[in-house]
Amino acid sequence: MNLRDIIREMLIFLHVDLTKNLKYDRITKRIIKNSLKYNSNCIDIGCHKGQILDVMIQYAPAGKHYAFAPIPYLFDELQIKYKNKAVVYPFALSDTSGKSSFQLVKNAPAYSGIKKRHYDISNPDIEEITVKLKTLDEIIPENEIIDFIKIDVEGAEFCVLKGGKNLLKKNKPIILFEFGKGASDYYGTKPSDLFSYLTEQIGLKIFTLDAYLKSKRNISQSEFEHLYISGKEYYFIAASDIKE
């Protein structure tokens with residue numbers, strides 16, 4: 001862990017929310033702690049360096065954990081780090097299988113994704129690589145019970161969700177997902193489409209992270225669209241109900 005990561009963890013521990021991302025990280029860890037059981041099975045899509053996967057393993061040490069990391073050098077590092085702890089795949093998940101160009105942002109790899117998007121950094125150093133595309137339904141065994149999924153793929157979240165329709169309908173897991181302007185709109189995703197998919201086709205409710213943590217009500221489609229358009233929230237929870 002480098003100095004920047006250490007400082008980040010200290011700020012989260014002290015509940016010092018200097019940025020909205022730090023607040024989301026802090027709340028995410030509390031949600032995972034409150035939601036997982038000792039043997040819960042989890043999926044981390046867009047694993048990056050494994051910060052969220054670490055929390056999944058911490059609170060569900062007897063569960064089976066899957067991670068997806070299409071950036072080659074991160075995949076190699078994660079395979080070593082999580083040997084005998086998680087199954088790591090080098091694929092980008094979508095709603096179809098095949099191959100795709102992938103935009104590796106070398107000076108900010110967390111922004112990397114299938115499509116170019118708005119980047120909150122100056123002079124992004126982008127290398128276009130080719131990655132394998134898979135769907136969640138073809139990777140995760142049909143009989144595997146999945147309890148929790150995190151999706152952070154820089155705008156391609158709806159594609160990932162559509163590629164896991166069978167898994168989602170069967171398991172109705174808690175889904176922590178990013179969905180914000182400057183990323184999702186580059187994939188042509190409308191908030192109404194994603195909301196309808198999760199609520200009507202999968203049978204889940206959508207919450208803000210704060211509301212889910214504090215056991216308040218789920219949000220409506222119009223509220224979801226407003227939060228997306230205004231940029232007030234860009235991380236959400238989809239779940240069957242509030243988990244006490």
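**Entry 1: helix H4**

I began with helix H4, residues 72-81, and found Leu74, Phe75 and Leu78 buried there. These residues cover an arc of only 100° around the axis, so they sit on the same side of H4. I noted that the model is a predicted one. I then looked up what covers the buried residues of H4, and the cover includes strand S3 (87-89).

Pro72 also lies in helix H4. I checked Pro72 against Ala92: they are 20 residues apart in sequence, and their C-alpha atoms are 11 Å apart in space.

**Entry 2: helices H8 and H10**

Two packed helices are described by the angle between their axes and the distance between the axes. I looked up both values for helix H8 (residues 191-202) and helix H10 (residues 221-230): the angle is about 140° and the axes are 9 Å apart. Angles over 145 degrees would count as roughly antiparallel; H8 and H10 are therefore oblique to each other. I recorded their crossing as right-handed.

Which residues make the contact? From H8 I listed Pro191, Ser192, Leu194, Phe195 and Ser196, and from H10 I listed Gln221, Phe224, Glu225 and Tyr228. I sorted the residues of this contact by type and got five nonpolar, three polar and one charged.

**Entry 3: the two sides of H10**

I stayed with H10 and asked which of its residues are buried. They are Phe224, Leu227 and Tyr228. Viewed down the axis of H10, the buried residues fall within an arc of 100°, so they line one face of the helix. On the other side of H10, I found Ser222 and Ile229 exposed.

I next looked for what the buried residues of H10 pack against.

**Entry 4: Arg217**

I looked up Arg217 last, and its place is in the loop between helix H9 (209-213) and H10. Is Arg217 buried or exposed? Its relative accessibility is 53%, so Arg217 counts as exposed. Leaving out residues up to four places away in sequence, I found that Arg217 touches Phe207, Ala211 and Glu223. I also checked Arg217 against Asp241: they are 24 residues apart along the chain, and their C-alpha atoms are separated by 9.3 Å.

Definitions and conventions. Residues numbered from 1 in each chain as written. Predicted model: local features only at pLDDT ≥ 70, side-chain atom pairs only at ≥ 80, totals over all residues. Heavy atoms only, no water. Buried < 20%, exposed > 50% of the residue type's maximum accessible area, 1.4 Å probe, protein only. Helix = DSSP H or I, 4+ residues; strand = E, 2+ residues; numbered from the N terminus. Arc of directions from axis to C-beta. Contact = heavy atoms within 4.5 Å. Axes fitted to C-alpha atoms, helices over the stretch in contact; angles between N-to-C directions. Parallel < 35°, antiparallel > 145°, perpendicular 65-115°, else oblique. Left-handed = near helix turned anticlockwise from the far one by under 90°. Nonpolar A, V, L, I, M, F, W, Y, C, P; charged D, E, K, R; others polar.
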